[in-house]
Amino acid sequence: MRGKLVEQDPNDEPASVLLEKEGLKESNEIPHQIPNSWSWIVLGSGAKFINGRAYKKSELLNDSSLTPILRVGNLFTNSSYYYSDLKLNPDKYIDNGDLIYAWSASFGPQIWTGGHVIYHYHIWKVIPKQIIEKQFLYYFLLDKRNVIGETDLHGSTMKHITKTNMEHLSFPLPPLSEQKRIVKKINFLLEIL
């Protein structure tokens with residue numbers, strides 16, 4: 001993202017002010033030029049990435065009256081679910097509207113719409129801080145060029161992105177009001193395609 005999709009508004013509170021309010025610092029790395037009102041940050045300072053849970057085979061049940069377990073395959077190709085009767089910490093569940101990211105085999109973000117589920121270890125629940133509009137972060141993560149470089153992929157047969165690499169990504173942070181304008185513009189463009 002380079003700041004060319006919508007007009008810059010000189011009345012927008014610069015991203016540097018957002019960072020100051022949150023006690024965060026700009027990144028020293030500058031991958032490319034961005035508008036003056038934007039700031040580069042390390043993504044992990046603006047969003048939290050929480051791993052799901054790994055399961056033993058004995059914990060994967062076929063009782064649909066229990067809580068569904070979301071696996072990476074369910075996001076892309078597999079419509080059959082396992083279920084669980086485990087009582088887990090609240091951060092091991094996702095609900096409609098949560099931003100998630102599959103980080104192994106098939107990569108990518110989703111805004112979850114499948115109801116209350118437990119999510120598997122190969123999925124992150126992504127919780128942006130108040131400085132990042134969730135839908136803006138979703139669009140950033142959706143563009144694999146922002147996320148997956150040759151050095152970011154690990155594994156010989158099953159490729160994956162490490163949490164450390166994701167948290168250390170350079171992230172171009174626009175003013176919050178501009179993030180909302182960008183999301184509105186992208187949504188509009190997607191509707192007319």
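Hi everyone, let's start with Gln-179, which counts as buried because its relative accessibility is 0% (buried means under 20% relative accessible area, exposed over 50%, partly exposed in between, with a 1.4 Å probe and protein chains only). Please keep in mind that this is a predicted model, where local features need pLDDT of at least 70, side-chain atom pairs count only at pLDDT 80 or more, and totals for chains, interfaces and linings use all residues. Residues are numbered from 1 along each chain as its sequence is written, and side-chain values use heavy atoms, with hydrogens and water left out.

Gln-179 sits in helix 7 (helices are DSSP runs of H or I, at least four residues, and strands are runs of E, at least two, numbered from the N terminus). A polar atom of the Gln-179 side chain lies 3.0 Å from the backbone oxygen of Pro-174. Leaving out residues up to four places away in sequence, Gln-179 touches Ile-131, Ile-132, Glu-133, Phe-136, Leu-173 and Pro-174 (heavy atoms within 4.5 Å).

Leu-173 takes us to strand 12. There, Phe-171 and Leu-173 point one way, Ser-170 and Pro-172 the other, and all are buried. Strand 12 pairs with strand 1 in the antiparallel sense over 4 bridges (pairing needs at least two DSSP bridges), and Ser-39 stands opposite Leu-173.

Now the largest nonpolar core: 35 residues, with Leu-43 and Phe-171 among those with the most contacts inside it (such a core is a set of buried Ala, Val, Leu, Ile, Met, Phe, Trp, Tyr and Cys residues joined through side-chain atoms within 4.5 Å). Helix 4 gives the largest share of this core, 6 residues.

Key:
A polar contact is a pair of N or O atoms within 3.5 Å; within protein, one must be able to donate a hydrogen and the other to accept it, and residues adjacent in sequence count only if both atoms are side-chain atoms.
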